[in-house]
Amino acid sequence: MTDYAPFPLIDLSGGPRERGRIHGQAAADRLKRGAKMYAESLLKSGVDWKELERRAEAMVPLIEKFDPAYVEEMRGIAEGANEPFAAVVLMNARTEMVVAARKQQAAKHFPDGCTAALALPEASADGVLLHGQNWDWRSECAETGVVLRIRRDDGPDILTFTEAGGLARSGLNSAGVGLTANALECERDYQRGPGVPLPFIRRKVLEAAHLANAVQTIVSTPKPGSNHMAVSHCGGEAFGFECAPDETFWIAPDRGLYVHANHWIADSARAKVKDTGLAETPDSIYRDKRVRDQLSPKRGKLTLEDFRQTFFDDWGTPHSVCRPPRLNSRGVSTATTAMILMRPAEGHLEACPMPALNRQFTTYTLTPDRTAQKQAAE
């Protein structure tokens, strides 16, 4: 086993610009490393820094229309880290930028993998909703991830794991909403004009005081490419949303348990979209099955420890639920970069960098708003 440094916890408060400056200053080294990694990928695809800056600025009006505070926060991050604004946009829209390069025949995108699971209260041992995932992505991101604890004056506080410079990835809020996300692909991706980059949608979901607000954000926001999001509320409801750019298919848990990897599983989705991602992530079909098979017999007795042990599953390694670093078909090292385990009702989030090589978890906490949780569940 190898030791990896825990993901640093960064406390953010104040207005968007101030929050951004705190984030950028605290995560400057990790942000610089992450932006350099993605910029080098784009450079290999024929997109130099000047072109990257042009593309970043072109995204600003779209992001401002969705929420101008997000642009302010990103400008603050750039100021705090003493990095170009385009580097921060890249950290929040790297998928969209890389795929734009691919469309010009300059590069080929490879998707985030992930295996996610959640258990409703009736399926857990102590009646508390459980939610977690393995995030499979570039190995370097085990050393560029951060956890943000965001104090807000205009809504629930947020605890989110993300890449340094990013506004959100997975996490929970003080009102009891939990979120994880997995990559999907279909033939409609990046064909229908601009959409809102996914980190901004995830951040908006985590700002929701009610599950209904989170669902509305997912369903109503146009997206450039496909994605799956699992959204839970500690009061006892959760759903998965398989999102094509122009259509969303929802899935309910099966007897209190929900599992999703990187292929389309909704019957309605499979009847309407072509799954173009399985060629990149063929192990998705059994990662999903193995997690479900291991958790299902424990319905009514499930704990975060069960999730932990299941997410450590190494059957078929390195093409496994928990992946060690390996070179993909394009010579890039990928792995299970982080394991995230949550009890949203309690504001409890555990994270482990590179779990195939490291078993050290760090616990991060957020004070739950019991009143907001109760109101949202009534």
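In what order do the eight strands form the open sheet? In this predicted model, the order is β1-β4-β5-β6-β7-β8-β9-β10, with mixed pairing.

View 1. Start here to get your bearings. Strands β1 (9–12) and β10 (247–251) stand at the edges. Each has a single partner strand, so one side of each is left without a neighbour in the sheet. From one strand to the next, the twist averages 20 degrees.

**View 2. Two helices packed on the sheet.** Helix α1, residues 16–26, touches β1 and β4 (145–150), and its direction makes about 160 degrees with that of β1. Helix α7, residues 211–220, touches β8 (227–233), β9 (237–244) and β10. The direction of α7 makes about 170 degrees with that of β8.

**View 3. Strand β4 and its buried residues.** Six of the six residues of β4 are buried, so the strand is largely enclosed by the rest of the structure. Follow the side chains along the strand: G145, V147 and R149 point one way, while V146, L148 and I150 point the other way.

**View 4. The partners of β4.** With β1, the pairing is parallel, over four bridges; look for I10 opposite L148 of β4. With β5, the pairing is antiparallel, over six bridges, and here F161 in β5 is the bridge partner of V147.

**View 5. From β5 on to β6.** Strands β5 (residues 158–163) and β6 (residues 170–173) run antiparallel and are joined by four bridges. To find one of the pairs, look for T160, whose bridge partner in β6 is G171.

Definitions and conventions: Residues are numbered from 1 along each chain as its sequence is written. This is a predicted model: local features need pLDDT of at least 70, side-chain atom pairs count only at pLDDT 80 or more; totals for chains, interfaces and linings use all residues. Side-chain values use heavy atoms; hydrogens and water are left out. Two strands pair if DSSP finds at least two bridges between them. Axes are lines fitted to C-alpha atoms, for helices over the stretch in contact, and angles run from 0 to 180 degrees between N-to-C directions. Contact means heavy atoms within 4.5 Å. Buried means under 20% relative accessible area, exposed over 50%, partly exposed in between (1.4 Å probe, protein chains only).
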